Amino acid sequence: MSAGAKPLASRSAIARARELWCRGEVFISPHALERMRERCVTAVELEHVILRSGRIVESSHPGRAWRYVIEGRTTEARDIRCVVELEERLVVVTVVAMRS
C-alpha cells in the first residue's frame with residue numbers, strides 16, 4: 001500500500017493482518033518486544049488477539065505507512081492493544097496491556 005493511499009477498511013485490515021500472521025510474514029519490532037517484556041505480554045497472547053479476538057479500533061498515518069490499532073482480549077481476559085503496519089509483512093510496532 002502506498003503512503004498516499006487511503007487506509008484499508010477495518011474488516012480488510014484485520015483480515016490482512018490475520019493472513020500475514022498465518023503465512024508467517026510477521027516482524028515484531030525491537031520496541032514491541034521490549035514493551036511485551038515490560039508488560040508481561042506473551043507471543044501467544046499477541047497471536048490470540050490478532051487471530052481471534054482483535055478488531056481494528058483506529059488507523060493513522062504518522063509516517064511512510066498506515067498504522068492500525070488492533071484491540072482484543074486474551075484467553076486470560078487481559079485486554080491488549082497493538083499497533084501494526086501492513087505492508088509485505090505484518091509489522092508489530094508496539095504492544096500495550098490495557099488496564100481494567
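**Entry 1: order of elements**

I read the protein chain along its sequence and noted the pattern α-β-α-α-β-β-β-β, which comes to 3 helices and 5 strands. For these I took DSSP runs, helices being H or I with at least four residues and strands E with at least two, numbered from the N terminus. I note at the outset that this is a predicted model, in which local features need pLDDT of at least 70, side-chain atom pairs count only at pLDDT 80 or more, and totals for chains, interfaces and linings use all residues. Residues are numbered from 1 along each chain as its sequence is written, and side-chain values use heavy atoms, with hydrogens and water left out.

**Entry 2: overall dimensions**

I looked up the radius of gyration, which is taken over C-alpha atoms, against the globule rule of 2.2 Å times the number of residues to the power 0.38. The protein chain has 13 Å, which agrees with the value near 13 Å for a compact globule of 100 residues. Along the principal axes, the C-alpha atoms fill a box of roughly 35 × 25 × 25 Å.

For the surface I used the Shrake-Rupley method with a 1.4 Å probe, where for residues only the protein chains shown count as cover. The accessible surface of the protein chain comes to about 5900 Å², and 50% of this belongs to carbon and sulfur atoms. I call a residue buried under 20% relative accessible area, exposed over 50%, and partly exposed in between (1.4 Å probe, protein chains only); of the 100 residues, 37% count as buried.

Contact, in these notes, means heavy atoms within 4.5 Å. Among the contacts in the protein chain with a separation of 6 or more, 50% are accounted for by residues 24 or more positions apart.

**Entry 3: the nonpolar core**

Which residues have the most contacts inside the largest nonpolar core? I define such a core as a set of buried Ala, Val, Leu, Ile, Met, Phe, Trp, Tyr and Cys residues joined through side-chain atoms within 4.5 Å. The largest one has 23 residues, and I listed Leu46, Ile50, Ile70, Val84, Leu86, Leu90 and Val95 as those with the most contacts inside it. Two or more residues each come from helix H1 (10-22), helix H2 (30-38), helix H3 (43-53), strand S3 (67-73), strand S4 (79-86) and strand S5 (90-97). H1 gives the most to this core, with 5 residues.

I then followed isoleucine 50, which, leaving aside its neighbours within four places in sequence, is in contact with Ile14, Ala17, Arg18, Trp21, Ile70, Cys82 and Leu90. The buried residues of H3 are Glu45, Leu46, Val49, Ile50 and Leu51, and what covers them includes H1, strand S1 (26-28), H2, S3, S4 and S5.

I checked serine 53, found in helix H3, which counts as partly exposed at 28% relative accessibility. Serine 53 and arginine 73 are 20 residues apart in sequence, and their C-alpha atoms are 5.9 Å apart in space. Neighbours within four places aside, serine 53 is in contact with Arg18, His48, Glu71, Gly72 and Arg73.

Arginine 35 is found in helix H2, and I noted that 60 residues in sequence but 6.1 Å in space, C-alpha to C-alpha, lie between arginine 35 and valine 95. Not counting residues up to four places away, arginine 35 touches Thr94 and Val95.

Proline 7, in the segment before H1, is partly exposed with a relative accessible area of 32%. Residues up to four places away in sequence not being counted, proline 7 touches Ser59, Trp66 and Tyr68; from tyrosine 68 the separation is 61 residues in sequence and 8.7 Å in space, C-alpha to C-alpha.

**Entry 4: positive phi**

Where is cysteine 40 found? I located cysteine 40 in the loop between H2 and H3, with phi near 55°, a positive value in a residue other than glycine. Cysteine 40 is exposed, with a relative accessible area of 57%.

Alanine 77 counts as exposed at 51% relative accessibility. As background, most residues other than glycine have a negative phi.
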